[in-house]
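Dear colleague,

I am passing a structure on to you, and you will find it just below, with my notes on what turned up in it. Please read the notes with the structure open beside them.

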Amino acid sequence: MDKEKRYLYIENLGCAKNQVDAEVMAHNLEKDNWVLTDDAAKAELIIVNTCGFIESAREESVNTFFGLNAKYPKKKIILSGCLAQRYGEELKEQLVEANGIFGNRDLSKINEFVEQVTKKRAPKSGNLLVPAYPDPDDESDERDKLFNFPGSAYLKISEGCNHRCGFCAIPIIRGSLRSRPMDAVLKEANRLVSSGIHEINLIAQDLAAYGSDWDGKSHFCELLEKICAIEGSFKVRMLYIHPDAFPMELLDLMKRTDKIMPYFDIPFQHASAKLLRPMKRMGDEVVYSNLIQTIRTSLPESVIRTTIMLGFPGDSAEDFEKVYEFVKANRFNWMGSFTYSREEGTYAYDLTDEDTHKALGKEAKKWQKKLQKLQEKISADMLKTFVGKEYDVLIEELVEGEDLAIGRFWGQAPEVDGLTVVMGRDMVPGQVYRCGITKVNGIDLEAVRI
């Protein structure tokens, strides 16, 4: 006799890697007749897939849990994800309102965990599971429901990281680098293309490190070439390449195929060597500027996104001026910034004390506003180079009641960059249409369907 269907709601927080984890959990639970719903009120079980990267993300995760718990006090609620992985024991003791704490190391264990939690007599916070590392050949990473707009998908090629940047807690949370078997990645890429995905966004903590845990060498370009050999109409976007390990052969590969978008997400973090060395980064404003120039010379239409950190221990007004000039000179198409979060267990944690950290953080927020104001102008100026040209635009959603649709061209990554507003009729979300770019509107583009 078939099991009765039960409804599941997932509130996903954090990065794209977390989103993939949530998609995998949803897929695994569907095998036990759990049906994903976008209405929390309808669900019997709620999973809050948390982020634990920095303090503000942890606060958002906890506040989201308490908000859902207050609104739905009779529902079973599980905390999963990075916060649950890193602070599982503490959450078990302090967050007694939770029905369970589930980490992110082995997602194949979610089914048996949920069965424990949803037993009628299961106690509040009575189940703690922070799964061990999965078998590298485990195939429990399949997913059929994607949490983003149609036509686009994230494809995770590795887990964890070996870089050990001075400020970063990711190795503490997700462990050392574990590259997925190449056959498994290609199998998933084929599955995505055959299901109608037009945009595959490759994600990892550092794409270029792919395979280096096998034999000390990067196998990223080899993987990328094999993905591009898949038949079908699709494009590949690369997200997150560490600047100190940028594979120069990638540029030659990109010249040989039009399937790889010339979009580079390279988190430089800063330009001052004084700060970059304790960050465990090897570059400076000259080294990193040369890399940017090399990319743009090789692929003139390249779009480059970066991230800048302010308020790292020892940061000063002089250091800020250096990174400000670095951003001004290199004119990134897109840039995000954040203030340093003091993370236990990282190298940088002991470089300062809490009072000094908080005082510097207040100054860093002022620097951040000035830097963001500069970047907004740069982004608007850089977008003007696309006006008057034609591009394929992936439509994400329609504007109700108007002949308008919202989408993105290849120079706009999902969720983090601007959008393209397209005038035209009879467009379908998830499909690609040729459009002419007509103008810039803030950090967005306007276009007309051709």
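Helix H14 (residues 354–383) lies across strand S13 (303–310) and strand S14, and its direction is at about 175° to S14; contact here means heavy atoms within 4.5 Å, while axes are lines fitted to C-alpha atoms, for helices over the stretch in contact, with angles that run from 0 to 180 degrees between N-to-C directions. Helices (H or I, at least four residues) and strands (E, at least two) are DSSP runs, numbered from the N terminus.

Please keep in mind that this is a predicted model, in which local features need pLDDT of at least 70 and side-chain atom pairs count only at pLDDT 80 or more, whereas totals for chains, interfaces and linings use all residues. Residues are numbered from 1 along each chain as its sequence is written, and side-chain values use heavy atoms, with hydrogens and water left out.

Strands S13 and S14 belong to an open sheet of six strands, in the order S7-S10-S11-S12-S13-S14, with parallel pairing; two strands pair if DSSP finds at least two bridges between them. Its edge strands, each of which pairs on one side only, are S7 (152–156) and S14 (334–339), and neighbouring strands of the sheet are turned by 20° against each other on average, direction ignored. Within the sheet, S11 (residues 235–238) runs parallel to S12 and is joined to S12 by two bridges, and Met-238 has Phe-264 in S12 as its bridge partner.

Turning to the salt bridges (a side-chain nitrogen of Lys or Arg within 4 Å of a carboxyl oxygen of Asp or Glu), a search of the whole structure finds 29. One of them joins the side chains of Arg-58 and Glu-343 at 2.7 Å, N to O, and this pair links distant parts of the chain, with Arg-58 in helix H2 (residues 55–71) and Glu-343 in the loop between S14 and H14, 285 residues apart. Arg-58 is buried, with a relative accessible area of 14%, and Glu-343 is buried as well, at 1%, where buried means under 20% relative accessible area, exposed over 50% and partly exposed in between (1.4 Å probe, protein chains only). Arg-408 forms a salt bridge with Glu-396, the closest N and O atoms being 2.6 Å apart, and both residues are buried.

As for the aromatic residues, a search of the whole structure finds 16 aromatic pairs; rings of Phe, Tyr and Trp (its six-membered ring) pair if their centres lie within 6.5 Å, and planes under 30 degrees apart count as stacked, over 60 as edge-to-face and the rest as tilted. The rings of Tyr-210 and Trp-214 have centres 5.2 Å apart and planes at 75°, so they form an edge-to-face pair. Tyr-210 counts as buried because its relative accessibility is 0%, whereas Trp-214, at 42%, counts as partly exposed.

Finally, two charges sit over rings, by the criterion that NZ of Lys or CZ of Arg is within 6 Å of the ring centre and within 35 degrees of the ring normal. Lys-280 lies over the face of Tyr-347, 3.9 Å from the ring centre, and the charged end of Arg-342 sits over the ring of Tyr-349, 3.9 Å from its centre.
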